[in-house]
Amino acid sequence: MKQHIAVVGLGYIGLPTALLLAKAGATVTGCDIDAKKIAGLATGILPFQEPGLTELYASAKENFSASTKVPVADVYIVCVPTPVTADKKCDNRFVESATNSIAPVLQAGATVIIESTVAPGTTTGIVRSILEKGGLVAGKDFYLGFVSEKAIPGNTISEMIKNDRIAGGLTPECKKRVAAVYGLFVEGAFFQTDCTTAEVVKLVENSYRDVNIAFANELARTCTTLGINVWEVISLANHHPRVNVHEPGPGVGGHCIALDPWFLQSSDPANTTIIKRAREINDGMPSYVATVVDKIAKNHQSKCIGILGVAYKKNVDDGRETPAEPIFKELVARGFTVLVHDPLVTKTNVPLTTLEELLASADGVIIVTDHDAYKTIALTPKQKWLIDTRGLLLTNPPKNISYYALGTSAFNL
Ligand code: SAJ
């Protein structure tokens, strides 16, 4: 008999996961509290863009339906967001409400998998206790596990299929069942472990990247002080077979790397000082960039500044936690008129304008996101300077105007 899988939370991870399972032949109900999203999906309207998602939807829709209610199912996968609280801890609100929506329909023999990124111990702690309220016992009457997502926005579908995955389970049978669910579409290898180890592995992956980016951001500032070019330094250092320094930038955005390290850090503050410092360094980058922009703009007697890019990284339509927002706010607070453009983002907290309008008014521009579209941007005679926080135009800087790249001597004003 076909398995019935309920995926709770149809965001950037939940929706593609649900569709991949449906394409693989399972009967899938995608559940979300957002009635508008559910109504849209019923008529084929996708809530966000991601390469290959439209085609995936078309090939999966026969086995896929969407609902605001969690049905009785053989397998439940929880893919809801976990924000960070004001005191930098994992906010379990949505994980708890999703688990509470599963508990009343949970039947003996079912499998519950948490895929949301959570603090260590959440699956076997709060999740397990909510699910056991009805009398069923985890590991005995139903199966419980944690499987983190590893897919990178912009290449989500391909990475979901190809990446190796970690199946965390409460018992050996839980691990086996959890791995079997993902085995429906994952081609990468599966490694089985306990739930807390799997939760921590996820946090380590994103903390590793955050710490490495913070190192690159510190190097950018040091190279500016030393009057050399950080992009050259990193590229040459990375020729060493055991060195892989990441890239500096205007700050770390997105819903993962800017938040997840706090979940690990808050679980043991005394022993996670590097993680904390990395978060602070990366969170400090927008203000550092705004300070340099302020000086450059004043040197040029500029009043109107154009920000190119709101997406938190190149070629995606996702503006969550974008460094563009604090840079925008700080420049407005410093008295500038600031116009913002992005070729892909439509939902964001900063007002957007067209590229034509921006270029008609801006005295200078800052590249905040390294979208491919900006590689060949045609500035107008109005722009007197360009600030490049991504090193996007280093090899081909614009002619006849001042060019300032982050991490170079030009950034030292
Ligand atoms: N960034 C830099 N320098 C770099 C790399 C990235 O400044 O060298 C910035 C980006 O511009 C962006 C932010 O960091 O603002 C995060 O981008 P990202 O591409 O590093 O990561 P995400 O947030 O899009 O996805 C990450 C991935 N994790 C890892 O690579 C370890 C992805 O695999 C996870 O599935 C995802 O987090 C998640 O959901 O946790």
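Colleague: Which element gives the largest share of the shell around the ligand?

Modeller: Helix α8, with five residues. Helices here are DSSP runs of H or I, at least four residues, and strands are E runs of at least two, numbered from the N terminus.

Colleague: What should I know about the model itself?

Modeller: It is a predicted model: local features need pLDDT of at least 70, side-chain atom pairs count only at pLDDT 80 or more, and totals for chains, interfaces and linings use all residues. Residues are numbered from 1 along each chain as its sequence is written, and side-chain values use heavy atoms, with hydrogens and water left out.

Colleague: Back to the ligand. How many residues surround it, and which are the closest?

Modeller: There are 21 residues around the ligand. Glu149, Lys202, Arg209, Cys256 and Tyr312 are the closest. A residue makes the list if one of its heavy atoms lies within 4 Å of the molecule.

Colleague: How do those shell residues divide into nonpolar, polar and charged?

Modeller: Eight are nonpolar, four polar and nine charged. The nonpolar class is Ala, Val, Leu, Ile, Met, Phe, Trp, Tyr, Cys and Pro; the charged class is Asp, Glu, Lys and Arg; the others, Gly among them, are polar.

Colleague: What distances do you get to the ligand oxygens?

Modeller: A side-chain N or O atom of Glu149 is 2.4 Å from a ligand oxygen. For the side chain of Lys202, the distance from an N or O atom to a ligand oxygen is 2.6 Å. At Ala151 a polar backbone atom is involved, at 2.8 Å from an oxygen of the ligand.

Colleague: And what percentage of the ligand does the protein bury?

Modeller: The protein buries 89% of the 770 Å² that the ligand exposes when taken alone. Those areas come from Shrake-Rupley with a 1.4 Å probe; for residues, only the protein chains shown count as cover.

Colleague: Switching to α8 itself. Is Asn206 buried or exposed?

Modeller: Asn206, in helix α8, is buried, at 11% relative accessible area. Buried means under 20%, exposed over 50%, and partly exposed in between, with a 1.4 Å probe and protein chains only.

Colleague: What does Asn206 touch?

Modeller: Cys256, Ile257, Asp260 and Pro261, leaving out residues up to four places away in sequence. Contact means heavy atoms within 4.5 Å.

Colleague: Where is His246?

Modeller: His246 sits in the loop between α9 and α10 (260-265). His246 counts as buried because its relative accessible area is 10%.

Colleague: Which side chain does His246 join in a polar contact?

Modeller: Arg209, at 3.3 Å. A polar contact is a pair of N or O atoms within 3.5 Å; within protein, one must be able to donate a hydrogen and the other to accept it, and residues adjacent in sequence count only if both atoms are side-chain atoms. Beyond four places in sequence, His246 also touches others, including Tyr208, Asn212 and Ile234.

Colleague: New topic: how many residues are in the largest nonpolar core?

Modeller: That core has 37 residues. Those with the most contacts inside it are Val293, Ile305, Ile307, Leu331, Ile366, Trp385 and Ile387. By definition, a nonpolar core is a set of buried Ala, Val, Leu, Ile, Met, Phe, Trp, Tyr and Cys residues joined through side-chain atoms within 4.5 Å.

Colleague: What lies apart from it?

Modeller: Another core, of 36 residues, with Leu10, Leu19, Ala22 and Val181 among them.

Colleague: Last one. Why does Leu236 count as exposed?

Modeller: Because its relative accessibility is 52%. Leu236 is in helix α9.
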